[in-house]
Amino acid sequence: MHLLLTYLNLKISYLYIEHMLMFCFSILICLSFVSSNLAAMSGRRTAVVLLSEGAEELETVAVVDILRRAEIEVTLASTTGNVEPIKCSRGVVIKPDDIFDAIKVNLFDVVVLPGGLKGAEFLANSTEVGKFLKLHEENGKLIAAICAAPIALKSHRIAEKHQITSHPVVANEFLASAMYTYSEKMVVHDRNLVTSRGPGTAIAFALRLVSILISESTAETIARGMCFDMHPAE
């Protein structure tokens, strides 16, 4: 009888803990939804940057930094299922703001996919990321990808028949396909799609997003403050 009571107490404790964890997760999702909608109601532009293991850190940080300088509400969302710090392609560790599962029902003004081959391959293979991108495409939102990340666009058939660029390492993915028109420009903007080539073009890429979402003058002001020339001599 004593063993039975002990077992029942343990079972009840386990069920209680499981219930509380599910409750906390539900609260987290609700808070993320409310936060996103409050930003939209305030008139502020919103952005989400999807962060995966092996993402290119320079591209990730440049985009988050510059969009926040433009007072865009940026969420750095982890695709790992938790908010533990994520190790990027060169060993830099970045702590996300939220988890992808908590924000995937929300609409943002722009979805940004950083490069880094390992991170890009994860994004390309994720069914949930594909659904998220398709949701934004269908609602006319801006989608942006840099370096190797455009392979995720191809994998999920996003923005077909658009002009696109990427890191040279994955260029053949597009040159051998009729889905896109390939370009070697630093930054390519075609309708609701913005793509760029790699770490060296990350600042120009982020500033282009600012010019689209806010204004060209805001992008130029930020560029001057960073000692970055948006219009270098040819």
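1. Cysteine 147. This is a predicted model, and in it cysteine 147 is buried, at a relative accessible area of 7%. The residue sits in the loop between S7 and helix H6 (150-155). Its phi is positive, about 65°, although cysteine 147 is not a glycine. Most residues other than glycine have a negative phi. Check the backbone here when you open the model.

2. Cysteine 227. A positive phi turns up here as well, about 60°, again at a residue that is not a glycine. Cysteine 227 lies in the segment after H9. Buried or exposed, by its relative accessible area? Cysteine 227 is exposed, because its relative accessible area of 76% is over the 50% cut-off. Cysteine 147, by its value of 7%, is buried.

3. The chain as a whole. There are nine helices and 11 strands. The chain has 234 residues, and buried ones make up 46% of them. Take the contacts with a separation of 6 or more: 63% of these join residues 24 or more positions apart.

4. Aromatic pairs. The model holds four aromatic pairs. In one of them, phenylalanine 100 and phenylalanine 132 have ring centres 5.2 Å apart. Their planes stand at 90°, so this pair is edge-to-face. It links distant parts of the chain: phenylalanine 100 belongs to helix H3 (residues 100-103) and phenylalanine 132 to helix H5 (residues 127-138), 32 residues apart. Phenylalanine 100 and phenylalanine 132 are both buried.

5. How are the rings of phenylalanine 174 and tyrosine 180 arranged? Their centres are 5.8 Å apart and their planes at 75°, so they too are edge-to-face. Phenylalanine 174 is buried, as is tyrosine 180. Phe100 and Phe132 return in a cluster: together with Phe108 they form one aromatic cluster.

6. Helix H8, geometry and burial. H8 covers residues 202-213, 12 residues in total. From first C-alpha to last it reaches 17 Å, close to the 16 Å expected at 1.5 Å a residue. How many of its 12 residues are buried? Nine are, so H8 is mostly covered, given that buried means under 20% relative accessible area. The buried set is Ala202, Ala204, Phe205, Ala206, Leu207, Leu209, Val210, Ser211 and Leu213. In an α-helix, residues three or four places apart point the same way, because there are 3.6 residues a turn.

7. What covers H8. The cover on its buried residues includes two helices, H2 (57-69) and H9 (216-225). Strands contribute too: S6 (110-113), S7 (142-146), S10 (187-190) and S11 (193-196) are included.

8. H8 against H9. The two axes come within 6 Å and cross at roughly 145°. On the H8 side, the residues in contact are Leu207, Val210 and Ser211. They meet Glu216, Thr218, Ala219, Ile222 and Ala223 of H9. By class, this contact has five nonpolar, two polar and one charged residues. Leu207, Val210 and Ser211 are also among the buried residues of H8.

9. Glutamate 184. This residue is in the loop between strand S9 (181-182) and S10. Glutamate 184 counts as exposed, with 63% relative accessibility. Which residues does it contact, leaving aside neighbours within four places in sequence? They are Thr165 and Arg197. Threonine 165 is 19 residues away in sequence, yet the C-alpha to C-alpha distance is 6.0 Å.

10. Two loops around H5. Serine 126 is in the loop between helix H4 (117-125) and H5. Serine 126 counts as buried, at 13% relative accessibility. Its C-alpha is 8.8 Å from that of alanine 152, 26 residues apart in sequence. Asparagine 139 is in the loop between H5 and S7. Asparagine 139 is partly exposed, with a relative accessible area of 41%. Between the C-alpha atoms of asparagine 139 and aspartate 109 the separation is 9.7 Å, and along the chain these two are 30 residues apart.

Terms used. Residues numbered from 1 in each chain as written. Predicted model: local features only at pLDDT ≥ 70, side-chain atom pairs only at ≥ 80, totals over all residues. Heavy atoms only, no water. Phe/Tyr/Trp six-rings, centres within 6.5 Å; stacked < 30°, edge-to-face > 60°. Helix = DSSP H or I, 4+ residues; strand = E, 2+ residues; numbered from the N terminus. Buried < 20%, exposed > 50% of the residue type's maximum accessible area, 1.4 Å probe, protein only. Expected span 1.5 Å × (residues − 1). Contact = heavy atoms within 4.5 Å. Axes fitted to C-alpha atoms, helices over the stretch in contact; angles between N-to-C directions. Nonpolar A, V, L, I, M, F, W, Y, C, P; charged D, E, K, R; others polar.
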